[in-house]
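Subject: Structure for you to look at

Hi,

Here is the structure I promised. Please open it first, then read my notes below.

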Amino acid sequence: MKDNAYWFNYDIELEDGQRTRFHIALNPSTLTMMPASPEPYPSWTQLSFQQCKCCPLSSQTHLYCPIAVNITGLVDRFKDILSHKNCVVVCETAHRTYSKRTSAMEGLTSVFGIVMATSNCPVMNFLKPMARFHLPFASVEETTARSTSLFLLGQYFEYKKGRVNRFDFDSLEKSYARAQLVSEGLLARISSLGNQDADKNAIITLHCISQFLSSEIDFSLTTIAHLFERGSDV
């Protein structure tokens, strides 16, 4: 897959030496994640099991939740790992390598984020452009800037095609509100698995980020507005 620029290798090493590698490859045309796990899939991945409230898919045409099948390996590996466990996370891409000494929860949050965006879930597909330029361990401020900037770039292309005549964040805010429901649905799916909490906390973190972004968009992007203020001495 390394001839395809759209791939990410995550290596998570816990403080006790346990090591997990997770490979993510995207179709260069659709930005959809290549299947991470072969069938058969566990029963909790079936679409009808704790199906998200906002899910537009039908179990008659889709047996499995597209996100759930792509996180089965992660959930199985980390379902008994405490979220505060220290680890070193390395993310290798075609162009650079990122690393961070952090908690298992933050490491998993970074992996879950790109998997959720690229699993061809109709609700989450709006995040595919961000996934193409995936930034591991991004802060909320960085995520806010990237999300809104790429959205406006998409609006520009829509404007060029005559499909929009104004630029605002209404549709992006609604998209993040639906993304919150997906996070809640995934949490419901995995809440009965395992004894510990790392994978569940990763989903909760993503849910909190989507809530924050929805609020930020509603309140004029207050955390990054100051970056665009021009002082009199500039």
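How many helices and strands are there in the protein chain? There are 7 helices and 4 strands. Both are DSSP runs, numbered from the N terminus: helices are H or I with at least four residues, strands are E with at least two. Along the sequence the pattern reads β-β-α-β-β-α-α-α-α-α-α.

Two cautions. This is a predicted model, where local features need pLDDT of at least 70 and side-chain atom pairs count only at pLDDT 80 or more, while totals for chains, interfaces and linings use all residues. Residues are numbered from 1 along each chain as its sequence is written, and side-chain values use heavy atoms, with hydrogens and water left out.

Overall form: the radius of gyration (over C-alpha atoms) is 18 Å. The C-alpha trace spans about 55 × 45 × 35 Å along its principal axes.

The largest nonpolar core has 57 residues. Such a core is a set of buried Ala, Val, Leu, Ile, Met, Phe, Trp, Tyr and Cys residues joined through side-chain atoms within 4.5 Å. I24, I67, F112 and V182 touch the most other members. Helix 2 (104-118) gives the largest share, 8 residues.

Take I24. Beyond neighbours within four places in sequence, its contacts (heavy atoms within 4.5 Å) include W7, F8, M33 and V111.

Best wishes

How values were computed: Buried means under 20% relative accessible area, exposed over 50%, partly exposed in between (1.4 Å probe, protein chains only). The radius of gyration is taken over C-alpha atoms; the globule rule is 2.2 Å times the number of residues to the power 0.38.
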